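Morning, everyone. Let me put the chain up on the screen, and then I'll walk you through it.

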Amino acid sequence: IAISIDSNGGSIDEGLRLMYAIRRTFLPESITTILAPKGYSMGSHMFLIGQTRIIYEDSAIMLHDYSTGYGGKGTQIKDYIEHSEERLNKLTYTSYVTPGYITKEEYAEYKIGKELWFTASEMVTRGIATHVILRNGTVVSAEEFVKINSEQKRLS
């Protein structure tokens, strides 16, 4: 399955529900995600379910603290916020820190409200992306993209 992602983010519950359905239905090695062009918030987590993760040269991802519009009694709101924060932090740790895509220091900054933004080059360098679609339409491996970028920088 190839899943094209262009997302400003969304509900943790809905994102997880979709991720679980995909993982139940398809073998991990058969899941390809394509970031066309952005995956913000929950969209970034969705991108990571692909074993093959393809980006464009202008793709970007962003991680941030959760947003909520929950209402109710004060203690209910507090409980909901604590619960949501714990769930998202666990998801982010598992998705980004455990595989080494972000450092524990970056994760600590994320937990106190810093948004983490990553360009195509950063996604390749960190191992988040496995392939890149160049502006001319050619698909190259992350390793080839690094070589191409190094050569372009050397020539400029």
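One definition to start: a contact means heavy atoms within 4.5 Å. With that in hand, take the contacts in this chain with a separation of 6 or more: residues 24 or more positions apart account for 58% of them.

Now the ground rules. This is a predicted model, so local features need pLDDT of at least 70 and side-chain atom pairs count only at pLDDT 80 or more, while totals for chains, interfaces and linings use all residues. Residues are numbered from 1 along each chain as its sequence is written, and side-chain values use heavy atoms, with hydrogens and water left out.

Overall layout next. The chain has 6 helices and 7 strands. Those are DSSP runs, numbered from the N terminus: helices are H or I with at least four residues, strands are E with at least two. The order along the sequence is β-α-β-α-β-β-α-α-β-α-β-β-α. The C-alpha trace spans about 60 × 35 × 25 Å along its principal axes.

Surface numbers. The accessible surface comes to about 9100 Å², and carbon and sulfur atoms hold 53% of that. Areas come from the Shrake-Rupley method with a 1.4 Å probe; for residues, only the protein chains shown count as cover. Of the 156 residues, 42% are buried. Buried means under 20% relative accessible area, exposed means over 50%, and partly exposed is in between (1.4 Å probe, protein chains only).

On to the inside. How many residues does the largest nonpolar core have? It has 37, and I55, Y96, M123 and I128 have the most contacts inside it. A nonpolar core here is a set of buried Ala, Val, Leu, Ile, Met, Phe, Trp, Tyr and Cys residues joined through side-chain atoms within 4.5 Å. Look at Y96. Leaving out residues up to four places away in sequence, Y96 touches S44, H45, L48, I61, L63, Y101, I102 and I128.

R53 sits in strand β3, residues 52-56. Is R53 buried or exposed? R53 counts as buried, because its relative accessibility is 8%. Beyond four places in sequence, R53 touches T33, F47, L48, Y101, G127, I128, A129, T130 and H131. Two of its polar links are worth a look. The side chains of R53 and Y101 make a polar contact of 3.1 Å. A polar atom of the R53 side chain also lies 3.0 Å from the backbone oxygen of G127. A polar contact is a pair of N or O atoms within 3.5 Å; within protein, one must be able to donate a hydrogen and the other to accept it, and residues adjacent in sequence count only if both atoms are side-chain atoms.

Another polar contact, on another strand. K38 is in strand β2, residues 32-40. Its side chain contacts the side chain of D6 at 2.5 Å.

Salt bridges now. Side chains of opposite charge can pair when their charged atoms come close. The cut-off: a side-chain nitrogen of Lys or Arg within 4 Å of a carboxyl oxygen of Asp or Glu. The whole structure has 7.

Start with R135 and E57, which meet at 2.9 Å, N to O. R135 lies in the loop between β6 (131-133) and β7 (139-141), and E57 in the loop between β3 and β4, so the pair ties together parts 78 residues apart in sequence. D58 and R135 also form a salt bridge, at 2.7 Å, N to O. D58 is in the loop between β3 and β4, so this pair ties together parts 77 residues apart in sequence. Both D58 and R135 are exposed.

Next, E106 and R126: their closest N and O atoms are 2.6 Å apart. E106 is in helix α4 (residues 104-111) and R126 in helix α5 (residues 120-126), so the bridge ties together parts 20 residues apart in sequence. E106 is buried, at 17% relative accessible area. R126 is partly exposed, at 25%. As for networks, salt bridges that share partners join E57, D58 and R135 into one.

Last stop, the outside. Y70, Y80 and I81 form a nonpolar surface patch, with about 240 Å² of accessible area together. Patches are made of residues with over 30% relative accessible area and no salt bridge; like charges are joined within 9 Å, nonpolar side chains (Val, Leu, Ile, Met, Phe, Trp, Tyr) within 5 Å. Y70 lies in the loop between β4 (60-63) and α3 (74-97). Y70 is partly exposed, at 39% relative accessible area.
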